[in-house]
Amino acid sequence: MIHVKTKFQRPDADVVSRLAAFSSATIHEAQGRRGALSSKIKPIDRSMSFCGPAVTVACAPQDNLMLQVAIHYAQAGDVVLVGAQEFSDAGTFGDVLGNAMKAKGIAAMVTDSGVRDTQDLIELGLPVFSGSVCIKGTVKETLGPINHPLVFGDEIIYPETSSAVTQTASLSSAVRKRRRSSRSPKPGTTPNASSSRPTTPAAPPSSCAD
């Protein structure tokens, strides 16, 4: 049975803000080089970046029905991640849905499928990452799950905060270690006053990219 979860526990806004201070490469390294999506997923504009909790949605290839449902339930600051079995020959997302996301304050859109209307989306200022750019349209026919664990390439994306707790703890520890290491004095040098201050670890929401 198709199950749409309309609610899940999101990380605190402060957690998202603190994590956003780090680049996605730094977060990836701090997690033990885990969690990176395929290099096929690229921003439609190189200046785009985002950070926020993931709303996951599985769509059938060349079908964006459930994406529209996900936008309805997504909240401001969310990142909508669409898995469409890496079908690249369709524009699953374009300016109409982009305007709907922007109006709700959704932080970003990520898909392993294609997008279209890229110039309009760039001007809209909504970060969009996709597996391809394709002008072909989609149908609205097939049901699928929302806010369930989503297989996205070689990774599994979890919407629930409880599923990210272990990752949060390990990343906090890793970032703390990296910060301490970067502040360690080099041989023959004297540490400054700031190097002795305690660090504040960052903890991750579900999705960040830059």
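The side chains of R33 and E29 form a salt bridge with an N to O distance of 2.8 Å, the term denoting a side-chain nitrogen of Lys or Arg within 4 Å of a carboxyl oxygen of Asp or Glu. The model is predicted, so that local features require pLDDT of at least 70 and side-chain atom pairs count only at pLDDT 80 or more, whereas totals for chains, interfaces and linings use all residues. Residues are numbered from 1 along each chain as its sequence is written, and side-chain values use heavy atoms, with hydrogens and water left out. Within the pair, R33 is exposed at 61% relative accessibility, while E29 is partly exposed at 34%; buried denotes under 20% relative accessible area, exposed over 50%, and partly exposed the range in between (1.4 Å probe, protein chains only).

Helices (H or I, at least four residues) and strands (E, at least two) are DSSP runs, numbered from the N terminus. D78 is buried, with 0% relative accessibility.

A further salt bridge connects the side chains of R18 and D14 at 3.6 Å, N to O. Because R18 and D14 are four residues apart in helix 1, about one helical turn separates them. R18 is partly exposed, its relative accessible area being 29%.
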